[in-house]
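These are my notebook entries on a structure that I looked through element by element. The sequence and the model come first, and my entries follow.

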Amino acid sequence: MAERTARLVIDRAAVTDAIDRRLFGSFIEHLGRAVYGGLYQPGHPEADSRGYRQDVIKLVKELGVSVIRYPGGNFVSGYRWEDGVGPTAQRPRRLELAWRSVESNAVGLNEFTEWAKLVNSEVMMAVNLGTRGISDACNLLEYCNHTSGTKYSDLRISHGVKEPHKIKLWCLGNEMDGPWQIGHKTMDEYGRLAAETAKAMRLIDPEIELVSCGSSQMSMPTFPEWEAATLEHTYDFVDYVSMHQYYGNRQDDSMDYLAQSDDMEQFIRTVTAVCDYIKAKKRGRKNINISFDEWNVWFHSKAQEKDTVQNHPWQQAPHLLEDIYNMEDALMVGLMLITLLKHADRVKIACMAQLINVIAPVMAEENGTAWRQTIFYPFYHAALYGKGVVLQPIVNSPLHETSAHGLITDVECVSVYEEEAGLLTVFAVNRNIEENVILDIDLRNFEGYELLEHLVLEGDLKQCNGPEGEKIRPIRAERSIKETGKLSSMLGKASWNVIRMKKNKETV
Ligand code: AHR
C-alpha cells in the first residue's frame, strides 16, 4: 500500500493571533458530584481542614486550567447566590430543579473563589437570568466586586472576605434558548433582558467583560437566528457571545465520530459571520468575540442521567453525567482543541465542560483516589504548550470516506510559536483509524529549529483509564526526523501528537 503523506507549511509571518490563556478554561457546576464529592468532601482522607480534596487540587493544577466558569450551567437559572454565603450552619437546603437534586449550599461563591485560587484559576461567574433579573445580578456583582461601604460589599466583608473578588468575566445567564432551561426565553425577551442587565452591571463595574448567550448547540431550531436577534439588543453592551457544543460516538462509528470536529469548525465560522453581520448592520467598531464556554464529549452517561433524574427520590450529589472516556474520546477532544486554536483570532475564551466527576477530565472516587481520564492529556498538552501565537496552518492532507460527513482529511493540525522562548509546537491528530500518515512539516523560515520531542497518545480506541491505573497515557516516541528545512513525523493511525521544536542556541 502506498504511504500516505500530509504536508503542513508553517510560516512565522502568517500569524492568526496571540493565544488568550483563557482558551484553556473549564467549568464547575453545582451538578452531580462536581462540587460535593468532587472538589469538596470533608472527611475524605485527602480533604484539608476546609474540606477541599488535595488529590483533586493536585490534578486540576496539573491540568493547567486558566479560568473556571461557575456555578452553572442549567443550575444557574435557579441560582440564589445569597443561600451560599455567610455562616454555613445557617445556609438553607434547597430543591435544585435543574438536576432534581438537593443543594446543601455548604459550598458557595466565597468557598469557590477560595478554591479557584488554590488551583491557580480565574473565576468566570454566571448570573441567573432564568428566575431572576437585573436587580439580582447587580446585587451579586456589588457583593463580589465593590470594595466597601454599601449593603452588599459590606455583607461580603461581614462574611470574612475583606478584599473584593474582582471577577472580570460574567455570563449573562445560560442557554436561554433551550426549552429545558428554567426561565427559558424567546430571542427578544432574552436580548432585552441581557442588554439591560449588562448595561446596569457595567455601571457598577466598568472593568467587567460580559458574555451574551448564544445557541446551546448548533442543531437548535433557532440557530443562527438566535445569535442575530439577541445581538441586535446586546451588541453595544457585551464583549462575547457564548457557544456550547458536545459531541459523541452515538452510532458507534469511529471514523464518522472523529469527523465531528468539522461541524465545530462550521459552527464557529457561522457564529463569527453572524457577529460580523450585526457589527456591520450597526455600523459598529468593535468585534464581538466568542466564548466557547461549554465544549466536550458527552454521551456515555445519557441513560444514567435519565434514570437518576427521573426514577429516584431527591438526592444530594447523585452520580450524574459521569462519562468514562476512552481513547477515541481523547482524539475527539484533541480535534476540538485544534479547532479552537485555529480560531484564536475570534475564540478568546473556551471552557472544557466540565472539570471534576461530571463529564470531566478529573475523577474523584468517593472512597478512593483521584485519577486522570483519557481526555485529560490532550487538554494538558494544549494548556502547557499552547502559548504565544497561532500560525495559520496551510495543510494538505490525504482524505478518507466517512458515513455521514463524506470525504474528510486524515490529518488535522495547528502550530503555535513562542518567538522569545524559541519554541515551535505542532498539535496534530491523525483521525484515520486505519492508516498511519507521514506529516511533512515545511519549516521554511524556522532556520535552526531542532526537534525537542514528539509526544504521542494512542491505543485501543475503546480503552479507558480508571482508578486502578492509566492504560492511556502519553509516550515520547522516536517518530520525527529533522532534515534540512523540514521535519518528517509519522502520525500513527488514530493518534494525538505533540511535536515540539526548539531553536538551536548556536543559531543567530
Ligand atoms: O454541562 C452540562 C449541561 O450542559 C449544562 O448544565 C448546560 O448548560 C448544558 O446543557
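**Entry 1: helix α2**

I looked up the buried residues of α2 and found Leu 109, Asn 110, Glu 111, Phe 112, Thr 113, Trp 115 and Ala 116. I take buried to mean under 20% relative accessible area, exposed over 50%, and partly exposed in between, with a 1.4 Å probe and protein chains only. Helices (H or I, at least four residues) and strands (E, at least two) are DSSP runs, numbered from the N terminus. Since 7 of the 10 residues of α2 (residues 109-118) are buried, the helix is largely enclosed by the rest of the structure. I then asked which elements the buried residues of α2 pack against. They pack against α1 (54-63), β4 (67-70), β7 (122-127) and α3 (134-145), where contact means heavy atoms within 4.5 Å. Asn 120 follows α2 and has a positive phi, near 60°.

**Entry 2: basis of the model**

I note that this is a predicted model, in which local features need pLDDT of at least 70 and side-chain atom pairs count only at pLDDT 80 or more, while totals for chains, interfaces and linings use all residues. Residues are numbered from 1 along each chain as its sequence is written, and side-chain values use heavy atoms, with hydrogens and water left out.

**Entry 3: the barrel**

I traced a closed barrel of 8 strands in the order β3-β4-β7-β8-β9-β10-β11-β12, with parallel pairing; two strands pair if DSSP finds at least two bridges between them. Neighbouring strands of this sheet are turned by 30° against each other on average, direction ignored. For angles, axes are lines fitted to C-alpha atoms, for helices over the stretch in contact, and values run from 0 to 180 degrees between N-to-C directions. Helix α5 (residues 187-204) packs on the sheet and touches β7, β8 and β9, its direction making about 150° with that of β8. Tyr 247 stands opposite Val 297 in β11.

**Entry 4: Arg 22**

I located Arg 22 in the loop between β2 and β3 (25-27). Is Arg 22 buried or exposed? Its relative accessibility is 12%, so Arg 22 counts as buried. Its side chain makes a polar contact of 2.8 Å with that of Glu 209 and one of 3.0 Å with that of Tyr 240. A polar contact is a pair of N or O atoms within 3.5 Å; within protein, one must be able to donate a hydrogen and the other to accept it, and residues adjacent in sequence count only if both atoms are side-chain atoms. Leaving aside neighbours within four places in sequence, the contacts of Arg 22 include Ser 66, Val 67, Glu 122 and Leu 169.

**Entry 5: the ligand**

I counted as near any residue with a heavy atom within 4 Å of the molecule. The ligand is surrounded by 13 residues, the closest being Glu 29, Asn 74, Glu 175, Tyr 246 and Glu 294. A backbone N or O atom of Asn 74 lies 2.9 Å from a ligand oxygen atom. For side-chain N or O atoms, the distance to an oxygen atom of the ligand is 2.8 Å from Tyr 246 and 3.0 Å from Gln 354. The ligand alone exposes 280 Å², of which the protein buries 95%; accessible areas come from the Shrake-Rupley method with a 1.4 Å probe, and for residues only the protein chains shown count as cover.

**Entry 6: the open sheet**

I followed 7 strands through an open, antiparallel sheet in the order β2-β15-β19-β20-β26-β22-β23. β2 (15-18) and β23 (475-476) stand at the edges with a single partner strand each, so one side of each is left without a neighbour in the sheet. Strand β22 (residues 449-457) is joined to β23 by 2 bridges, and Leu 455 stands opposite Arg 476 in β23. Helix α10 (residues 327-342) lies across β2, β15, β19, β20, β22 and β26, at about 55° to β19.

**Entry 7: backbone details**

I found a cis peptide bond from Gly 72 to Gly 73, with omega near 20°; Gly 73 lies in the loop between β4 and β5 (94-96). Phe 223 and Pro 224 are also joined by a cis peptide bond, with omega about 0°. Lys 166, in the loop between α4 (151-158) and β8 (169-172), has a positive phi near 50°.
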